[in-house]
Amino acid sequence: MEGILELDVLIYPDEVRIATPDDLLEWELESASQLSIPTVRLFVALYPYNPAAMSPNPDTAAEELPFVPGQIIKVVSDQDSDGFYYGESGGLSGYVPSNMVTELPVDDEHLKNLLMQQGFLPVDHTALIDETSITDDVVVRRMVAIFEYDPWESSPNMDSEAELGFRAGDIIYVFGDMDEDGFYYGDLHGRRGLVPSNFLQPLPWN
């Protein structure tokens, strides 16, 4: 018995014909274009994050990813409506709050792999502080908001536009000592202003 000849056949509603090489190439390109391959992006953690203590969504905190400053996180999704990415790091995966991380502008796949193997980058928190307004010897403290604060509704001061609004659970970095009115000067996700001390409590760095 002679060898069997295998042919690719295209079936249409009104005809059946043998596929040409051009037909096969077009089919392969169309199939490849329909595959959803997530783009891997790398982020580095700017601040420590413990979902059990810090998550704004206590009911889903177990689904979030804990991390420490400098930890590299592989993100495989776009930011959702709650401001979270979905990422992986250190063998764990979970949701990542976008305001606690920053993206690394890396396109080279080889460099991405090296960074993921390394796992950490040094994070200089002084780079997040405006050096024109904060002196070198200032003490930076980490605070967590225990109540929501809207300066326009709750502020005792006339210049409420100089204050920061925040939600319970927000992490605020305060610079220096409290002023005579009971306010700190703080930073919340890059926004700076006065924050009332009685709405905050210290949050250890470790």
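Q: Buried means under 20% relative accessible area, exposed over 50%, and partly exposed in between. In this predicted model, is Asp187 buried or exposed?
A: The relative accessibility of Asp187 is 5%. The cut-off for burial is under 20%. Asp187 therefore counts as buried.

Q: Which residue forms a salt bridge with Asp187?
A: The closest N and O atoms of the pair are 2.9 Å apart. A salt bridge needs a side-chain nitrogen of Lys or Arg within 4 Å of a carboxyl oxygen of Asp or Glu. The partner of Asp187 is Arg192.

Q: What relative accessibility does Arg192 have?
A: Arg192 is the salt-bridge partner of Asp187. Arg192 counts as partly exposed, because its relative accessibility is 26%.

Q: How many salt bridges does the count come to?
A: The cut-off is 4 Å between side-chain nitrogen and carboxyl oxygen. One of the pairs is Asp187 with Arg192. By this rule the count is six.

Q: How many residues apart are Glu103 and Arg41?
A: Glu103 and Arg41 form a salt bridge, with the closest N and O atoms 3.0 Å apart. Glu103 sits in strand β7 (residues 101-103) and Arg41 in strand β3 (residues 41-45), so the bridge links distant parts of the chain.

Q: Which residues are linked in a network of salt bridges?
A: Glu103 pairs with Arg41. Asp78 belongs to the network too. The linked residues are Arg41, Asp78 and Glu103.

Q: How many residues apart in sequence are the parts tied together by Glu88 and Lys74?
A: The side chains of Glu88 and Lys74 meet in a salt bridge, 3.3 Å from N to O. Glu88 lies in strand β5 and Lys74 in strand β4, so the pair ties these parts together. In sequence the parts are 14 residues apart.

Q: What relative accessibility does Lys74 have?
A: Glu88 counts as partly exposed at 32%. Lys74 is partly exposed as well, because its relative accessibility is 22%.

Q: How far apart in space are Val76 and Glu88, C-alpha to C-alpha?
A: Val76 lies in the loop between β4 (72-75) and β5 (84-89). Val76 is partly exposed at 26% relative accessibility. Val76 and Glu88 are 12 residues apart in sequence, and their C-alpha atoms are separated by 8.1 Å.

Q: Which residues does Gln79 touch, not counting residues up to four places away in sequence?
A: Gln79 lies in the loop between β4 and β5. Gln79 is partly exposed, at 44% relative accessible area. The contacts of Gln79 are with Phe84, Tyr85 and Ser98.

Q: Is Lys112 buried or exposed?
A: Lys112 is found in helix α3 (residues 109-118). Leaving aside neighbours within four places in sequence, Lys112 is in contact with Val40, Leu42, Val106 and Asp107. At 6% relative accessibility, Lys112 counts as buried.

Q: How far apart in space are Ala168 and Phe199, C-alpha to C-alpha?
A: Ala168 is placed in the loop between α4 and β9. Ala168 is partly exposed, with 46% relative accessible area. Ala168 and Phe199 are 31 residues apart in sequence; C-alpha to C-alpha, their distance is 8.7 Å.

Q: Which residues form the negative surface patch?
A: Asp159 is found in the loop between α4 (151-154) and β9 (171-175). Patch residues need over 30% relative accessible area and no salt bridge. Asp159 has 37% relative accessible area. The patch is formed by Asp159, Glu161, Asp179, Glu180 and Asp181.

Q: What percentage of the residues of the chain count as buried?
A: The chain has four helices and 12 strands. It exposes about 13,700 Å², of which carbon and sulfur atoms supply 53%. Of its 206 residues, the buried share is 34%.

How values were computed
Residues are numbered from 1 along each chain as its sequence is written. This is a predicted model: local features need pLDDT of at least 70, side-chain atom pairs count only at pLDDT 80 or more; totals for chains, interfaces and linings use all residues. Side-chain values use heavy atoms; hydrogens and water are left out. Patches are made of residues with over 30% relative accessible area and no salt bridge: like charges are joined within 9 Å, nonpolar side chains (Val, Leu, Ile, Met, Phe, Trp, Tyr) within 5 Å. Accessible areas come from the Shrake-Rupley method with a 1.4 Å probe; for residues, only the protein chains shown count as cover. Lys and Arg count as positive and Asp and Glu as negative; His and the chain ends are not counted. The place of a charge is taken as NZ of Lys, CZ of Arg, CG of Asp or CD of Glu. Helices (H or I, at least four residues) and strands (E, at least two) are DSSP runs, numbered from the N terminus. Buried means under 20% relative accessible area, exposed over 50%, partly exposed in between (1.4 Å probe, protein chains only). Contact means heavy atoms within 4.5 Å.
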